[in-house]
Amino acid sequence: MRPHRNLLVRLPDFPANWTAMPLDGSPRILITRTSAVGDCILTLPMLCALRKHYPRAMLAWVTEPGPAQLLGEHPDLDQLLVVSKGWLKSLTRIKEIRKTLQELQIDTVLDPQSLTKSAALGWLSGATRRIGFARPRGRELALWLNREHHLPAAPHIVDAQLELLQQLNIKTGAARFRLPAWPEAESVAEQFVRRSHLGGGFVVLNPGAGWESRVWPAESYGRLARMLGEQLNLPSAVVWSGSDERSAADRIQEKSGGHAVLAPPTTLRELAGILRRARLFVGSDTGPLHLAGAVGTRCVGLYGTTHPDASGPYGDHHQVVQAYFQKYQTSRERRRATNDAMQAISPETVFQACQDQLQFNTLPAEPNAA
């Protein structure tokens, strides 16, 4: 049993009467991955590998409010600290965060994000070891704020981040995510499935994406839902977040020929519950895709300006559809690009990928999941 308890602390509102946990010789490690939701999910294997190697270590993670919804109560995490976006613009917040982080008495920082905002948190902690990526994954001031820099050989973000642990002489096995099932969220998901008569199996469609260049047209999703319903007798549940995605979800339902139902607005935890119950997930390179893979749902990922070798659904039991790779030099260029490469993906091609995946009921069991 580890002596530490899982604690959610929102910075900078840190309780004045809190004192650091007593040192017992175990490592005290901080992960600085602040955003985005999908990237934080893909960082979970690093956390799990750390816990497996250091059963009694104090493992902390500092992140932003969005990802914190999923990281809270993770069985391998002792301390979850949440900072708001834009904290670097406030000298008062910087001082408060520095005080809080230094009270944790961190000795090692792992910075899988390796940007200024993540590396600055490690620097403020006062840790003697601050490990991040070399160029090109390491960027901005992270190249100066981190003391050790690793150039990964693996292209995928999960494998590259596990490589960072080589700096600590940790040999990692198969990647694990170990996302918990939250009882209240599971209840909401179960009620939706029952109310919508989806108990016989369904596919989740996610039209949302953080960037316009990653959006597959709603009409294509609608056509896919119709084919799944008419040819496989399999309904679709359309998940969404925000007004823009709701409009797209409405269009999908309209074009589905009655074979798609609209999911209610959900939290990330409730979305995880719905995804656990689905036979398949279809969506672009965004948080829900990686959440689906992490909870054990097979995925068909749709890719345009991002490369699946680097950010595809993790594991060889998923499938990726890409008409062509629309290459850009920087993430800013990719973010601002058109979605021409996504529009080039035909519903028929995605339907065939779905058929291939639906031959299987579940993912292979996660190794050492307990």
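# Cis bonds, loops and helix packing

Biologist: Pro-136 is found in the loop between β6 (129-133) and α6 (142-145). Near what value is omega for the peptide bond from Arg-135 to Pro-136?

Modeller: This is a predicted model, in which local features need pLDDT of at least 70, side-chain atom pairs count only at pLDDT 80 or more, and totals for chains, interfaces and linings use all residues. Residues are numbered from 1 along each chain as its sequence is written, and side-chain values use heavy atoms, with hydrogens and water left out. Helices (H or I, at least four residues) and strands (E, at least two) are DSSP runs, numbered from the N terminus. The bond from Arg-135 to Pro-136 is cis, with omega near 5°.

Biologist: Near what value is omega for the peptide bond from Ser-35 to Ala-36?

Modeller: Ala-36 lies in the loop between β2 (28-32) and α1 (37-41). The bond that joins Ser-35 to Ala-36 is cis, with omega near -10°.

Biologist: Is Asn-169 buried or exposed?

Modeller: Asn-169 sits in the loop between α7 (157-163) and α8 (183-195), and has a positive phi of about 60° although it is not a glycine. Buried means under 20% relative accessible area, exposed over 50%, and partly exposed in between (1.4 Å probe, protein chains only). With a relative accessibility of 66%, Asn-169 therefore counts as exposed.

Biologist: What is the relative accessible area of Asn-233?

Modeller: Asn-233 belongs to the loop between α9 and β9 (236-238). Its phi is positive, about 55°, although Asn-233 is not a glycine. Asn-233 is exposed, with a relative accessible area of 67%.

Biologist: How many of the ten residues of helix α2 (residues 44-53) are buried?

Modeller: The buried residues of α2 are Leu-44, Pro-45, Met-46, Leu-47, Cys-48, Ala-49, Leu-50 and Arg-51. What covers them includes β2, α1, β3 (58-63), α3 (65-71), β5 (108-111) and α7, where contact means heavy atoms within 4.5 Å. Helix α2 is thus mostly covered, and of its ten residues the number buried is eight.

Biologist: What arc around the axis do the buried residues of α16 cover?

Modeller: In helix α16 (residues 347-357), Pro-347, Val-350, Phe-351, Ala-353, Cys-354 and Gln-357 are buried. They lie on the same side of α16 because their arc (that of the directions from the helix axis to the C-beta atoms) is only 160°.

Biologist: Which elements do the buried residues of α16 pack against?

Modeller: An α-helix has 3.6 residues a turn, so residues three or four places apart point the same way. The buried residues of α16 pack against α9 (218-232), β11 (280-284), β12 (299-302) and β13 (319-321).

Biologist: What is the orientation of α4 and α5 to each other?

Modeller: Axes are lines fitted to C-alpha atoms, for helices over the stretch in contact, and angles run from 0 to 180 degrees between N-to-C directions. Helix α4 (residues 91-103) and helix α5 (residues 116-125) pack at about 60°, with their axes 8 Å apart. Angles under 35 degrees count as roughly parallel, over 145 as roughly antiparallel, 65 to 115 as roughly perpendicular and the rest as oblique. The orientation of α4 and α5 is therefore oblique.

Biologist: How many nonpolar residues does the contact of α11 with α12 have?

Modeller: Leu-268, Leu-271, Ala-272 and Leu-275 in α11 meet Pro-288, Leu-291 and Ala-292 in α12. Ala, Val, Leu, Ile, Met, Phe, Trp, Tyr, Cys and Pro count as nonpolar, Asp, Glu, Lys and Arg as charged, and the others, Gly among them, as polar. The contact of α11 with α12 has no polar and no charged residues, and its nonpolar residues number seven.
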